[in-house]
Amino acid sequence: MARFTPKVVTANALIEGDVVYLTADGRWSRHHHEAELLDDEAHAQLRLLHGMSQRNVVVGAYLADAKAGPNGPEPTHFREVFRTRGPSNYAHGKQVELN
Amino acid sequence: MYNYSEFDEAFVRARVAQFSHQVARRIDGSLSEDEFRPLRLMNGLYLQLHAYMLRVAIPYGTLNPNQMRQLAHIAETYDKGYGHFTTRQNIQFNWPKLSDVPAILSALADVGMHAIQTSGNCVRNVTADHFAGAAADEIEDPRPVAELLRQWSTDHPEFQFLPRKFKIAITGAPNDRAVTRAHDIGLRMVRNAAGEPGFEVIVGGGLGRTPMVGMTVREFLPKADLLPYVEAVLSVYNTLGRRDNKYKARIKITLHETGKEEITRQIEARFEELRPLFGGNDQKLLAEIEAAFAPPAFRNAPVDAYDAFHKADPVFRAWADTNLAAHRNDQYAIVTISLKAHGATPGDASADQMRLIADLAEKYGHSQLRISHEQNVILPHVHKGDLPAVHAALVQAGLGTANVGLISDIIACPGMDYCALATARSIPVAQQIATRFDELKLEHDIGPLKIKISGCINACGHHHVGHIGILGLDRAGVENYQITLGGDGSETAVIGEKTGPGFAYDEIVPAIERIIAAYLEHREAPEETFLEAYRRLGLAPFKAALYPAEGKRDAA
């Protein structure tokens, strides 16, 4: 079996659709670096279940690959990088809303 | 144009009320996402990468100025001040909040619009030639038939749960501007030996992961038989179409698995059963609809101003030579307003631009507008004497780009900047190609060329029928762009040929430049278009230009 690579739980907020990440203390943060980095597969599955159970807060929770960085978890795949920023054709979404 | 009857109005209002309750129940927790998802999709609401997206139908691409102004109002009030016109003649809003969607749908209903059946496995928005009702080459305006199909397919109880989505395109002209050969059903108006108008019926075209040019199941269908015949096609597909495998569920697969002869036999048999059941009611309804599409009262006035400007003003001349098309009334022209300013997002219009376009349509265009599948806006009826004024107003609003049909008039799907299904970005690739060729000042020299870009295999950007098609993929966690050449979406439809290995995000623009350099080098004369040159030369010289290292390796 393939070795488990670190993950974060991510989803979209129910009302705004904005990208959110599950933190270690059970909040949904708009910042990727505040997410809980999940190194253990069993724990990751439990956290995903927890995320999926919050059906009136978020939509479509899933596990996304991530790695440890100096300020917290960072995305590894370009799709997840785009989700932390917003579209590339306009200064819309997180890239302006979070600054 | 067609205005909602009491029945249409009541139906749309009832649906807005129903969906508003469903949204409220989702927000208060009484509906789960699994329960809500099919309901929101039935009403055009998607959840995308960064936000919800609402897809609003623009039936057969026809809009009036008040509708355009309402789209501007929605863009400003509930979105980020713009809307995105799509390759299916729809408009998408990229940033609505779930809690605002009922108000948006209500605002749409106020102007006779909705988002019903813009998703799901049903008959989608019927698309049409964007020059319909105006084109010089047209046999008849196809929009009354398109409206008849819209009314028939809306909430049709038998066809709400088809094996897969179903797209119908229609054109009234021999020059196919509606890509009819790449639709589940394509309808091309033709005349029979007696000179009567009818339709060539093409079935089983489509792009996506298995691109196919449709097959003609009826060379000539009398106009009066259209609705029962289309219903027969749907009925056979609904029975035979595969529901076990999403990727084999479109009618193009049904057609190939069943065989053209057998499926045609079944369609004809079903048609014989259905035809008497219509009892002439469809024709009565069609006659009423046709009255709503009567041509406007064309003005008879001199066109001197046009001739004078065309001679004196090179900027106007460049625009007139690319963005105008022949109108059936020779004092008039069809104006294509380019939503492809160099470096801008293909198909996007700001609220201010939408309002200006609405004003121009009202002042100079008999209050008519069209949206093209090529993501531009059309003023179908402008008197030539008014063209200088229209052009001046467009230039001021950043809408005067003279590039229709040229290399920077690119179709691009939203790609991974917005779409949850995308595997790579499309928009920035389009922006960079347009900017690059504008810098090179080559695009008028290159001449007619259609580049079409999709950000995934589903091919919303029609890349298979681009003269140059670009498909964005995810190759081992990196964006990679595959090129196809020689595609054609017109009446001579062809699926483009893959050139070979794909190119990285920062290599794709130079790759396109090499293709164009090869074309300019090999064309017989400036009059030989890219597509003509490709058909004469084949893939080889373009491949050599794209992969120079490989050529050297072979030679070694």
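Which residues does His522(B) touch, not counting residues up to four places away in sequence? They are Ala533(B), Leu537(B) and Pro541(B). Two residues are in contact if their C-beta atoms, placed from the backbone, lie within 7 Å.

## About the model

This is a predicted model, in which local features need pLDDT of at least 70, side-chain atom pairs count only at pLDDT 80 or more, and totals for chains, interfaces and linings use all residues. Residues are numbered from 1 along each chain as its sequence is written, while chains are lettered from A and ligands numbered from 1 in the order in which they are written.

## Around His522(B)

His522(B) lies in helix H16 of chain B, residues 508–522. Helices (H or I, at least four residues) and strands (E, at least two) are DSSP runs, numbered from the N terminus. His522(B) is partly exposed, with 15 other C-beta atoms within 10 Å. A residue is buried if 20 or more other C-beta atoms lie within 10 Å of its own, exposed if 12 or fewer, and partly exposed in between; the C-beta atoms are placed from the backbone.

Phe542(B) is 20 residues from His522(B) along the chain. Their C-alpha atoms are separated by 9.7 Å.

## Chain A

Chain A has three helices and five strands. From the N terminus on, its elements run β-β-β-α-β-β-α-α. Its radius of gyration is 13 Å, close to the 13 Å that the globule rule gives for 99 residues, so chain A is as compact as a globular protein of that length. The radius is taken over C-alpha atoms, and the rule is 2.2 Å times the number of residues to the power 0.38.

Along its principal axes, the C-alpha trace of chain A spans about 40 × 30 × 25 Å. Of its 99 residues, 35% count as buried. Take the contacts in chain A between residues at least 6 apart in sequence: 50% join residues at least 24 apart.

## Chain B

Chain B has 19 helices and 21 strands. Its radius of gyration is 23 Å, close to the 24 Å from the globule rule for 556 residues, so chain B is as compact as a globular protein of that length. Its C-alpha atoms fill a box of roughly 65 × 60 × 60 Å along the principal axes. Buried residues make up 53% of the 556 residues.

An automatic or database domain assignment gives the domain bounds. Chain B is divided into domain 1 (6–110), domain 2 (142–292), domain 3 (304–396) and domain 4 (420–555). The C-alpha centres of domain 1 and domain 2 of chain B lie 27 Å apart.

## Helix H8 of chain B

Helix H8 of chain B holds 19 residues, 260–278. At 1.5 Å a residue they should span 27 Å, and the end C-alpha atoms are 26 Å apart, which agrees. The expected span is 1.5 Å times one less than the number of residues.

A kink of about 30° lies at Glu272(B), shortly before the proline Pro276(B). The bend is the angle between axes fitted to the seven residues ending there and the seven starting there. Ile263(B), Thr264(B), Ile267(B) and Phe271(B) are buried in H8(B). Their cover includes strand S10 (215–222), helix H6 (226–240) and helix H7 (251–258) of chain B. Just after H8(B), Gly279(B) takes a positive phi of about 55°.
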